[in-house]
2 protein chains.
Amino acid sequence: MTHQAAISLAIELRFLADRLHDPASTVAPGARIGSALDPEALRQFTEECDVVTFDHEVVDLDALADLEAAGAVLRPSARTLRIVADKLSMRSALAEAGIPVPPSAPVEGSTDLERVMGDWPKAVLKLSHGGYDGRGVFMVDGWEEAFEAVAGHLAEGSPFIAEPHLELERELAVMVARRPGGQLVIYEPVETFQVDGQCRRITMPAPLSGDLRRQAMDLGRAVAETVDVVGILAVELFVVDGQLTVNELAARPHNSGHHTIEAATTSQFENHVRGVMDLPLGDPSPACTAAVTVNVIGRDTETDPRDLLTTALSVEPRAHIHLYGKQPRHNRKLGHVTVCDDQPEAAAEAAQRVAEALGSLEVMG
Amino acid sequence: MTHQAAISLAIELRFLADRLHDPASTVAPGARIGSALDPEALRQFTEECDVVTFDHEVVDLDALADLEAAGAVLRPSARTLRIVADKLSMRSALAEAGIPVPPSAPVEGSTDLERVMGDWPKAVLKLSHGGYDGRGVFMVDGWEEAFEAVAGHLAEGSPFIAEPHLELERELAVMVARRPGGQLVIYEPVETFQVDGQCRRITMPAPLSGDLRRQAMDLGRAVAETVDVVGILAVELFVVDGQLTVNELAARPHNSGHHTIEAATTSQFENHVRGVMDLPLGDPSPACTAAVTVNVIGRDTETDPRDLLTTALSVEPRAHIHLYGKQPRHNRKLGHVTVCDDQPEAAAEAAQRVAEALGSLEVMG
């Protein structure tokens, strides 16, 4: 999707792709095959590029810091990536800047775990680094469950962040795009719906009071400036007791901004490209009254949305279907469907019907 | 732009590109280098594809007809391409179907020319095959001018079509998308503005009475069915004395549909891909009240819109800039700019300012 945006601005995108049949290398020419965890592959790749950016967090941060020190232009910077990639460092950087974050504590061993589970018998334990789409996140009730869930990881030296179980009123996301000089645009906040920690649906606009909406956008700005992001930043927020706190960040185009392809004047992908290329940012305003994006989640290795396209396209002529060309697998995000409408309920209903026709796993009501 | 649309549906597009540095081969992987006028290149290329479609008319029609007879799937078909590529055959096919076309006469030699210029002292002479963007079109006043303009071509065996000079009230275009089985969608008619026969600006919606708008859309449908198009068809219309006639056709995504990328629910590019892949067509409805597209026309070989992007993007944050990655040249279409607004005048003004900032040749007022 970033390549689609780059084409419009005649900006040549080159990918470092893990495998020859990675979706990126099937849509863009000249992909280099290699791992973003391999310092030598990263070095060769950065030498070919004026600017290097990222669409996932599985990168060798030390190697990137060295390359940046040697002159490579990384946007976002190695420092931003390091803050955002690690939940413990991210939460402490935000807390230091006076940004509200949920109560939390680091868990590096069984002593920490014991103390934390004493304070918060019902808790959420999140792998500090490398968790994704609900993986590495454990909702636990009591010490025994907690120990069973995380002891193996702790023994391997992977720290966790613990939070008390919170009664969430809503989960929100605010996308922010920012240029190296600090120019910044903020998208309309959206409500996100998770199942087992995996985002399933995005609704724009989030049903918020004017005050809370403004606060969410202000928080987006404050976080973007605190972590000094360049390009797109996704700021995930909790609403608890009518108050906002910052849950997670992603310094890249993010699932909670996929609706912006059709439902914003300038998409998150185009503004990511503009931001990292230090070009003036585009208007983030909504392009329609309401929009809902529903993810297409893999059911099994057999059910491929590409095989169901004819049926799915006939369900709803207004639907925008995006398939990622990935091999289907249980719980894998294989695509998404966006519908714009004057009524969010009608948009949600239509998008869900199309996602179901594409064979998506349980689409929540 | 067709590749951008194909990516969303996970449909792999392969290009037959004239040169290694053709824009298509810089945005999509696996382009085959070869000419669409070379039967052998066409044969090899069609063997690699499930479906072959076209984004220009400079193709070997005989070779394509042979390949189709041998089993290649061409959409549109060789027959449709043949009707549309030749103005004389196109006009007579439409006239036979009862579709209004401007008065015209074939000019194959000086006898024809003499008779035509006797009937219509002020005339337009159009090369029947291969004219493009105002090239091969001559506005002539009297026999001498006419002879000077076209005698060389006639001697080479290239026939013309002659029309009396018409006082055009407006020029319109209607885009139609159609599937093999006949499913068809019609886009909102647009007004097009030409300078020296080259389209410079597109306004949606065209300022028409409800009656004329409906007639234009009905004509779009009738023409698409008459030429049995599959994929996108651009139907260019004249308004003369309040009446519609069909001027030209293009059986491919066309400049007069570029606004549909942002200003329609489903773009002409996506509906072209859907049509030729025999997938259900998407909703062609306007996605905004009004939109204007202004072409970025090359000034000279030095002025490259890619070098002017930073300035141009700062002119108007709402603007959608599309650059084609072509080498600049006088009069060459290098890109386009679309702005959506509630008022067509405001959209036109903004789009023109951005096109000017991109170094475009004279943008009409």
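Guide: Let me begin with a term: two strands count as paired if DSSP finds at least two bridges between them. Please keep in mind that this is a predicted model.

Visitor: Fine. Which residue stands opposite A:Leu127, then?

Guide: A:Leu127 faces A:Phe160, which belongs to strand 6 of chain A. The strands concerned are strand 4 (residues 122-127) and strand 6 (residues 160-164) of chain A, and they pair in the antiparallel sense over five bridges.

Visitor: And what's the strand order in that sheet of chain A?

Guide: The order is 3-6-4-5, in an open sheet of four strands with antiparallel pairing. Strand 3 (105-107) and strand 5 (137-141) of chain A each have a single partner strand, so one side of each is left without a neighbour in the sheet. On average, and ignoring direction, neighbouring strands here are turned by 30 degrees against each other.

Visitor: Which helices pack on it?

Guide: Helix 7 (residues 110-119) of chain A does, touching strand 3, strand 4, strand 5 and strand 6 of chain A, with its direction at about 140 degrees to that of strand 3 of chain A. Helix 8 (residues 143-155) of chain A also packs on the sheet and touches strand 3, strand 4, strand 5 and strand 6 of chain A, its direction making about 145 degrees with that of strand 5 of chain A.

Visitor: Over to chain B. What order do the strands of its open sheet take?

Guide: In chain B the open sheet of four strands has the order 3-6-4-5, with antiparallel pairing, and its edge strands are strand 3 (105-107) and strand 5 (137-141) of chain B. Strand 3 of chain B pairs with strand 6 (residues 160-164) of chain B in the antiparallel sense over three bridges, and B:Pro106 stands opposite B:Ile161 of strand 6 of chain B. Helix 6 (residues 87-96) of chain B packs on this sheet, where it touches strand 3, strand 4 (122-127) and strand 6 of chain B.

Visitor: New topic: how much area is buried between chain B and chain A?

Guide: About 2,900 Å² is buried between chain B and chain A, and carbon and sulfur atoms give 60% of that. B:Gln4, B:Ile7 and B:Leu313 supply 18% of the area that chain B buries against chain A, more than any other three residues. The contact involves 34 residues from chain B and 34 residues from chain A.

Visitor: How many salt bridges and polar contacts lie between them?

Guide: The count of salt bridges between chain B and chain A is zero, whereas 11 residue pairs are in polar contact across the interface. On the side of chain B that touches chain A, the residues divide into 16 nonpolar, 13 polar and five charged.

Visitor: Last one: cis or trans, the bond from A:Met204 to A:Pro205?

Guide: That peptide bond is cis, with omega near -5 degrees, and A:Pro205 lies in the loop between strand 10 (198-204) and helix 9 (210-226) of chain A. A cis peptide bond also joins B:Met204 and B:Pro205, where omega is about -5 degrees.

Note on methods:
Residues numbered from 1 in each chain as written. Chains lettered and ligands numbered in written order. Predicted model: local features only at pLDDT ≥ 70, side-chain atom pairs only at ≥ 80, totals over all residues. Heavy atoms only, no water. Helix = DSSP H or I, 4+ residues; strand = E, 2+ residues; numbered from the N terminus. Contact = heavy atoms within 4.5 Å. Axes fitted to C-alpha atoms, helices over the stretch in contact; angles between N-to-C directions. Buried area = accessible area lost by both parts, 1.4 Å probe. Salt bridge = Lys/Arg side-chain N within 4 Å of Asp/Glu carboxyl O. Polar contact = N/O pair within 3.5 Å; in protein donor to acceptor, adjacent residues only side chain to side chain. Nonpolar A, V, L, I, M, F, W, Y, C, P; charged D, E, K, R; others polar.
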